[in-house]
Amino acid sequence: MTRSYRDHDWSSSIAEFTGDNSGYYQDKFADIFEGGRARLRPNWAAAIIGPLWAASRGLFGAFLVAGLVEIALVIGIVFLGTGGLSVDNMARAQSLEKLSEARLAQANDERQKGNEAAANQMQELLKSLAQSAAIERAVANDNARAATMLIVSTIAGLLGLRAVFAMAGDWLYSRQYMRWRRDRATPSGRSYQRVVACGLLLVIIYVVALFGAKVPQLASTLAIQSNTSELAGITATALDQFFTSITLSGRSTFDAITGSISALVASVESLLQGLPWICTVLVVVFAAWLLAGSGTAAFTAAGLVYLALFGFWQKSMVTIALLGTAAVLALSTGIPLGILCGKSPRAYRIFRPILDLMQTMPAFIYLVPIIAFFGIGKTPGVLATTIFGMPPVARLTALGLQQVPLSIKEAALAFGATPWQSLVKVELPLAMPSIMAGINQTILMCLSMVVIASLIGAGGLGEDVLQALQFASVGQGFLVGAAVLVCAIILDRLIQGKRSNNQ
């Protein structure tokens, strides 16, 4: 930026933005924006009132950061100044000294009774207690001396923070000015209402932080553990009754779902376990060679032989059966949902929060409502895995369709394609890389959830992982983890190879 910055238009703009003291900010902004070295002159208002200056100028981000850091430093100074660093050691020392006095009185009583052995035993205990008390008191004194140096360092840090804030204040305000030029909704001018509101916030935080643990009345006011625990108990009881009523009223539906999924899983298991393992290895290796090449085929053969030689074959097939069933259900649900969200912005706005919730919820949380409705076993494991693995493919399918250029869609319609033909023959093929990435993520997430589902009796390799954790069997856990890793890599390579061919 050239010296034209100092013309009338910029001056009037700065005057409108700052509201007052515009001459000062015109000079500072000129030094900052013209690319030269700004004069290292502190903003004394920022140095004196610190975060409140930022609040008055609408720099709320700087106010929060500087205010919270200053509060933490002040609380540290008060904590150190009131002996907080040595109070625990001093309390233990005093407790040990009182206990040693009681043991001394007991030793004297035993000696008066003529029980010299008991008195000597009490005397030895007394020496041990006195030695421990002396150690605690020495530690307390050392901490008290260290607290003095820490207080000095903390005060220096607080003053240094103010100095840095004062030097950076004008630069931060210049950034605010440039944002204001682009968007006039950005806070401008100096507002005493902001100072009062933000100052009140700082006072409340200071009072609660400094005196909450010191004043019994305030501490009892802030302590709500008893009320919250009672509220949690009432709410948990109500939820138990709610889930029980749903389970009883929908028993026939839940039984039908359980029977269908159990039959599907059993058929897949019988297929995988019924064939000799050599035949299964040959089929999978041939598929890997077709889809991903000779390198992946060699790794697949080595991995499957590892599963067989170390005795993980049967449970690996159970895991693959659970994974396959859950993945088919997740993909058959997620891909149509992703197509709907990709074609309908309204549907995407409706389902996006649900998908966000499903992806951010911890994996173990899925097991709780599933157990309430379906009990334990393979069926609830499959359902929990399906719910956990469905969001990625739905999101990436919608993303792929949304990224198809509008000109291509219009060209397809201009050549006479129906909306269905445009979707099937134009949009889905162009979105296929994104869809395949979603399928890959869904299958791998299903594999991770199948292992976790062993907690509710799903079986498979997850059982061995759980047993290794329960008995702290490091060697067995390593072998089982390697088996799970082999399954994951083989699946990932197969899917990646298919996607590469499609691209």
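User: Buried or exposed: which is Glu70, and at what relative accessible area?
Analyst: Buried means under 20% relative accessible area, exposed over 50% and partly exposed in between (1.4 Å probe, protein chains only). In this predicted model, Glu70 has a relative accessible area of 7%, so Glu70 is buried. The value is 7%.

User: What is the mean pLDDT of the protein?
Analyst: Residues are numbered from 1 along each chain as its sequence is written, and side-chain values use heavy atoms, leaving out hydrogens and water. The model is predicted: local features need pLDDT of at least 70, side-chain atom pairs need 80 or more, and totals for chains, interfaces and linings use all residues. pLDDT is the predictor's confidence in each residue, from 0 to 100. Of the residues, 90% reach 70 or more, and the mean is 80.

User: How many contacts beyond near neighbours in sequence does the model have for residues 215-219?
Analyst: Contact means heavy atoms within 4.5 Å. Over residues 215-219 the pLDDT is below 50. Where pLDDT is low, the predicted coordinates should not be read in detail. Beyond near neighbours, the number of contacts for residues 215-219 is four.

User: Which residue forms a salt bridge with Arg162?
Analyst: A salt bridge is a side-chain nitrogen of Lys or Arg within 4 Å of a carboxyl oxygen of Asp or Glu. For Arg162 the closest N and O atoms are 2.5 Å apart, and the partner is Glu70. Helices are DSSP runs (H or I, at least four residues), numbered from the N terminus. Arg162 sits in helix 7 and its partner in helix 5 (residues 60-81), so parts 92 residues apart in sequence are tied together by Glu70.

User: How many residues apart in sequence are the parts tied by Asp356 and Arg395?
Analyst: The side chains of Asp356 and Arg395 meet in a salt bridge at 1.8 Å, N to O. Asp356 lies in helix 15 (residues 345-360) and Arg395 in helix 17 (residues 378-402), so the separation of the tied parts in sequence is 39 residues.

User: With which side chain does that of Glu136 make a polar contact?
Analyst: Glu136 is in helix 7 (residues 116-182) and is buried at 18% relative accessible area. A polar contact is a pair of N or O atoms within 3.5 Å; within protein, one must be able to donate a hydrogen and the other to accept it, and residues adjacent in sequence count only if both atoms are side-chain atoms. Leaving aside neighbours within four places in sequence, Glu136 is in contact with Asn89, Arg92, Ala93 and Leu96. The polar contact, at 3.4 Å, is with Arg92.

User: How far apart in space are Leu52 and Phe63, C-alpha to C-alpha?
Analyst: Leu52 is in helix 4 (residues 51-56) and is partly exposed, at 24% relative accessible area. Not counting residues up to four places away, Leu52 touches Val195, Cys198, Gly199 and Leu202. Leu52 and Phe63 are 11 residues apart in sequence, and their distance in space is 6.8 Å.

Technical notes: Helices (H or I, at least four residues) and strands (E, at least two) are DSSP runs, numbered from the N terminus.
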